[in-house]
Amino acid sequence: MAVLKSLCLAFSMYSRIPMPRVDWEEKNMRYVLCFFPWVGLVVGGGMYGLWLLRSWLGVFIPFPVFVLTGTVLPVLITGGIHMDGFMDTMDALCSNQGRERKLEILKDPHTGAFACIFLVCEMTLYGAALYLLMEERQVLFLGIGFFLSRTLSAFALLTVTNARGSGMASTFSRGARKKTVLAVLMLWLFLAAGTAYFLYGMYGILCVALSLLVFFYYEWMAYRRFGGLTGDLAGWFVVVYELVFVWMSGIMGYVWNL
């Protein structure tokens with residue numbers, strides 16, 4: 001029962017998908033981070049469903065409609081929780097202030113100019129990458145990115161120091177059965193790598209390996225600029241990782257067909 005409650009909490013927190021009401025108690029949070037990557041599966045499934053719909057209807061849905069809808073689809077499914085963290089983080093990073101001031105900016109409910117600027121840049125670049133999708137296999141590969149971004153984000157929350165020691169990210173981290181959750185996350189990582197190999201062979205594995213550079217930069221940046229992780233930084237990572245992965249998915253179609 002605790003596992004099912006953790007599943008409900010994961011989707012309640014990280015998506016807009018309706019879930020049964022579950023009390024926010026420590027015993028119900030033990031395995032939330034195990035199911036966080038499953039939200040990515042739903043996002044990937046939504047993108048694949050959109051691709052199939054466009055393929056079936058063909059001429060009735062021009063490709064730009066798929067691109068523009070696909071650009072906002074992850075935000076619609078997640079409710080923008082990760083994009084909010086991305087915007088707050090960009091405001092903090094571009095402030096060029098000290099560590100404590102950056103943490104204060106993360107908590108500031110106001111939206112700064114840099115947040116708006118980088119939101120436009122991110123959405124534009126994401127849509128541009130979707131234009132590179134030529135075949136179904138690329139869309140399936142993109143789904144791996146949605147899954148991995150959340151797997152690695154959960155892994156970081158359990159292994160990297162929290163900058164504040166409070167907040168929702170800290171709550172999920174403290175309440176988790178760490179050894180069990182980390183083992184499950186490693187399993188998800190291997191399954192994602194195996195799926196990448198199935199789709200594109202060693203090219204797929206290489207893409208997954210290269211995408212880990214974003215993860216290592218994220219950990220370095222969090223320590224260097226903020227003294228650890230926060231929920232907003234976790235959102236920044238999910239958005240940036242998925243932006244990198246959608247470009248990898250687009251380019252993969254050209255590399256594979258050389």
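Helix axes are taken here as lines fitted to C-alpha atoms over the stretch in contact, and angles between them run from 0 to 180 degrees between N-to-C directions. In the predicted model, helix α4 (residues 81–93) packs against helix α6 (residues 113–130) at an angle of about 125°, the two axes lying 8 Å apart. Since angles of 65 to 115 degrees count as roughly perpendicular and those over 145 as roughly antiparallel, α4 and α6 are therefore oblique to each other. The crossing of α4 over α6 is right-handed. On the α4 side, the contact is formed by Met83, Phe86, Met87, Met90 and Asp91, which meet Ala113, Phe114, Ala115, Cys116, Phe118, Leu119, Glu122 and Met123 of α6. By class, the residues of this contact comprise 11 nonpolar and two charged, with no polar residue among them.

In contrast to the right-handed passage of α4 past α6, α7 passes α9 in a left-handed crossing. The contact of α7 with α9 contains 25 nonpolar, five polar and three charged residues.

Helices α7 (136–159) and α9 (178–226) also take part in the lining of the second largest pocket, to which they and α2 (32–57) each supply at least two residues. The space in this pocket amounts to about 190 Å³. Its lining consists of 14 residues, and Leu41, Leu140, Gly143, Ile144 and Phe147 are those nearest the centre of the pocket. Nine of the lining residues of the second largest pocket are nonpolar and five are polar, while none is charged.

The structure holds one cavity of 30 Å³ or more, and about 160 Å³ of space lies in the largest cavity. The lining of the largest cavity is made up of 14 residues, with Pro74, Val75, Met83, Val239 and Glu242 nearest its centre. Two or more lining residues come from each of α3 (63–78), α4, α6 and α10 (231–256). Of these elements, α3 gives the most to the lining, with four residues. Seven residues of the cavity lining are nonpolar, four are polar and three are charged.

Methods: Residues are numbered from 1 along each chain as its sequence is written. This is a predicted model: local features need pLDDT of at least 70, side-chain atom pairs count only at pLDDT 80 or more; totals for chains, interfaces and linings use all residues. Side-chain values use heavy atoms; hydrogens and water are left out. Angles under 35 degrees count as roughly parallel, over 145 as roughly antiparallel, 65 to 115 as roughly perpendicular and the rest as oblique. A crossing is left-handed if the near helix is turned anticlockwise from the far one by less than a right angle, and right-handed if clockwise. Contact means heavy atoms within 4.5 Å. Ala, Val, Leu, Ile, Met, Phe, Trp, Tyr, Cys and Pro count as nonpolar, Asp, Glu, Lys and Arg as charged, and the others, Gly among them, as polar. On a 1 Å grid over the protein atoms alone, a cavity is a set of points where a 1.4 Å probe fits but cannot get out, and a pocket is an open set with protein on both sides within 12 Å along at least five of seven lines; lining residues have an atom within 4 Å of a point. Grid points are joined across faces, edges and corners, and a volume is the space filled by probe spheres set on the points.
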